[in-house]
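Work through the exercises below with the sequence and the structure side by side, and try each task before reading its solution.

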Amino acid sequence: MAALWTAPSAYACRPGLVLDLGHLATGCPMSTRFPSDSPAAGLRGTVLYIEDAPIYVALVEGILAEHPGVRLIHAATGLDGVRLVRSERPDFVLLDMHLPDISGLEVVRQLNKDIAERRLRVTILTADSLTMDVVKAMSLGAFEYMVKPIDAAALDAAVRRALTGKRPGASA
């Protein structure tokens, strides 16, 4: 039987949304709350999430709804994501490696100049463990990578690091 998660009204992005999490529900800490008086309360910036799976987009929306100063924009394809990086100039990119048009690795290649010149932070979110494509993306300048299913606390910490300029491994 698939597990369901209903977005509480506190998530504001889609109150009452019911998602079939299937295998993702096991241990998914979506009930994790981040206190409003935490250091992230003043967190500000724009996050672009390049992801084709609506379930992951909804999960990230719910997690980032805890940060009113963080604006989330979304692209469902790699090419749309590259265009949005150029037009919206986000502070941080969350990138799925398996997209319907081009690979996440190709997205990182196309964003290489933005990563180098603007210090754009790109974090890879992938269902794969460490693969050669992830290694190549990291060598091209990706900031860090995380393995799905998404852990709310880990993603929150990654967003904090990216928007405050801390390196992975530094305390959030």
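**Exercise 1.** Find which residues touch the most other members of the largest nonpolar core.

*Solution.* Begin with the term: a nonpolar core is a set of buried Ala, Val, Leu, Ile, Met, Phe, Trp, Tyr and Cys residues joined through side-chain atoms within 4.5 Å, where buried means under 20% relative accessible area with a 1.4 Å probe, protein chains only. The largest such core in this predicted model has 23 residues, and Tyr49, Leu94, Ile150 and Leu155 touch the most other members. Next, the elements that give two or more residues to this core are E3, H1, E5 and helix H6 (152-164), with H1 giving the most, seven residues. Helices (H or I, at least four residues) and strands (E, at least two) are DSSP runs, numbered from the N terminus.

As for the sources, residues are numbered from 1 along each chain as its sequence is written, and side-chain values use heavy atoms, without hydrogens and water.

**Exercise 2.** Determine in which order the strands of the open sheet lie.

*Solution.* Two strands pair if DSSP finds at least two bridges between them. Strand E4 (70-75) and strand E7 (144-147) are the edge strands, each pairing on one side only. Looking within the sheet, strand E5 (residues 92-96) and strand E6 (residues 121-126) pair over five bridges, and Leu94 has Thr123 in E6 as its bridge partner.

Definitions and conventions:
This is a predicted model: local features need pLDDT of at least 70, side-chain atom pairs count only at pLDDT 80 or more; totals for chains, interfaces and linings use all residues. Buried means under 20% relative accessible area, exposed over 50%, partly exposed in between (1.4 Å probe, protein chains only).
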